[in-house]
Every structure is written in structure tokens, then in C-alpha cells.
Amino acid sequence: MTERVEHREQSLTGATEARGLEALISRAARAGKGPAPVERWNPDFCGDLDMEIKADGTWFYLGTPIGRMPLVQLFSSVLRKDADGRTYLVTPVERVGIRVADAPFIAVEMDVSGTGEGQVITFRTNVGDVVTAGAGHPLRFVDEDATGGLKPYVLVRGRLEALVARPVMYELVEHGEEIDIDGKAIFAIRSGGEVYPIMPAEKLERLSA
């Protein structure tokens, strides 16, 4: 009986009090520093946790923002998005579902070096990841039909993306150029030897008029 009670208290899905969250933290911490090899782990699904990453990148637990950045960075190191489209916190022994409003990370800063085909764009996320757009870390651009705006994303690792923050997005598009792709004039971004289409050049002209 005592063993069952202790297991329930230590369960990720039972983390509804401070000690439950501490148990979750302790298991995540065992993964070590930096992103854990979550793609190699195949633990049982243990249910959903009342944790959500809002569209602005703020993490909430039990409806309350997690204000400690080291804690957010720790949890982010054991995130995994599976083929089912859901995002999980994964340890060697447990996998629990969390909610993600948009992307789990936000690209809050960028650096550009080189020009033309030699241009390289590097992003820093709100949790400290640094990724260079290119092979393995592609950029994609999504039209916001409701607002007519644009939402760029960069792949960070696995299936986890970072939404490029709006101020950074404005900086990003300043480094775009008109490129001929399959005989069509496309406004696009170059980075790491790759070309990422944003929109037809004629559409950009209409929006700029």
C-alpha cells in the first residue's frame, strides 16, 4: 500500500502539488544538461500533465506561469513532438503530454553573416538554443489568413520548431531577395546554401503598394 502511494505521488500525471512538480524536475534533471536524447527513448505514455506553452513562449503549470528560466530550460531539454502531432515531456521511464498553443520555442534574436549564396542566418531561442537555418534546420513561412500577416518558423530539433518573434521577423525579411525558382520570381531567404520561399514577388509588390 505504501509503495502504491509513493508511486502515485511521484507520478508525472500526479504532479498537482509542489512535491509532484519537484519529482518531475528531478527526473528531467537526470537527462543531463542540454537537449536529452529523447528520440532514442521509448517509455510508456503516462497521461497528460496540466502544463501548457502559450503562443508567446510562456510556460504555464496548473494555470500559473513558470517564472524560473532555468526550470523552463530544463523542461525544454526533454521535449519531443511525435508523429501524432502532440508534444510530450519525455524521460527514460515516462512520457506525458503537454499542450502547445503554437510552437514550443520562440526565436528572439538573429545574426546574419555573408551575402547572397553565402548568407548564413543564425537564431537564438527564448530557452537558449542556437540554430543556423540551413540543411537540418529549415525555415518555413505560413500565411496568417486572419490577419494577412506572415509567421516564419525554424526547425530546432526533431519536430520541434521555433516561431520567429515579430520584431525578428521584420529583421529577417530585410535580408530576403527576389530569386528565380522554377521560372517564377519568388521573394525568398537564403541561408546555409538553402533557399526558403516566402511568397511570389508579385504578391510582395501588391502588399508593398
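1. The second largest pocket holds about 160 Å³ of space. A pocket here is an open set of points on a 1 Å grid over the protein atoms alone, where a 1.4 Å probe fits, with protein on both sides within 12 Å along at least five of seven lines. Grid points are joined across faces, edges and corners, and the volume is the space filled by probe spheres set on the points. The model is a predicted one, in which local features need pLDDT of at least 70 and side-chain atom pairs count only at pLDDT 80 or more, while totals for chains, interfaces and linings use all residues. Residues are numbered from 1 along each chain as its sequence is written, and side-chain values use heavy atoms, with hydrogens and water left out.

2. The lining of the second largest pocket comprises 15 residues, lining residues being those with an atom within 4 Å of a point. Lys 81, Gly 85, Thr 87, Val 100 and Asp 102 lie nearest the centre of this pocket. By class, the lining has seven charged, six nonpolar and two polar residues; Asp, Glu, Lys and Arg count as charged, Ala, Val, Leu, Ile, Met, Phe, Trp, Tyr, Cys and Pro as nonpolar, and the others, Gly among them, as polar. Strands β6 (95-100) and β12 (160-164) each supply at least two lining residues, and β6 gives the most, with three.

3. Which strand holds Val 96? Val 96 is placed in β6, and it is buried at a relative accessible area of 0%. Buried means under 20% relative accessible area, exposed over 50%, and partly exposed in between (1.4 Å probe, protein chains only). The C-alpha atoms of Val 96 and Leu 49 are separated by 6.2 Å, although the two residues are 47 apart along the chain.

4. For the protein as a whole, there are five helices and 15 strands. These are DSSP runs numbered from the N terminus (helices H or I, at least four residues; strands E, at least two). Of the 209 residues, 44% count as buried. Among contacts with a separation of 6 or more, 51% join residues 24 or more positions apart, contact meaning heavy atoms within 4.5 Å.

5. Which residues of helix α4 (residues 166-173) are buried? Val 168, Met 169 and Leu 172 are buried in this helix. They lie on the same side of α4 because they cover an arc of only 105° around the axis, the arc being that of the directions from the helix axis to the C-beta atoms. The elements that cover them include β7 (105-113), β8, β10 (139-144), β11 (149-157), β12 and β14 (184-191).

6. The contacts of Arg 157 beyond four places in sequence include Pro 35, Ser 76 and Phe 105.

7. Leu 139 lies in β10 and is buried, with a relative accessible area of 6%. Leaving aside neighbours within four places in sequence, its contacts include Phe 123, Tyr 153 and Ile 189. Leu 139 and Ile 198 are 59 residues apart in sequence, with their C-alpha atoms 9.6 Å apart.

8. Most residues other than glycine have a negative phi. Leu 62, in the loop between β2 (59-61) and β3 (64-65), has a positive phi near 55° and is partly exposed at 36% relative accessible area. Asp 182, in the loop between β13 (177-181) and β14, has a positive phi of about 55° and is exposed at 77% relative accessibility.
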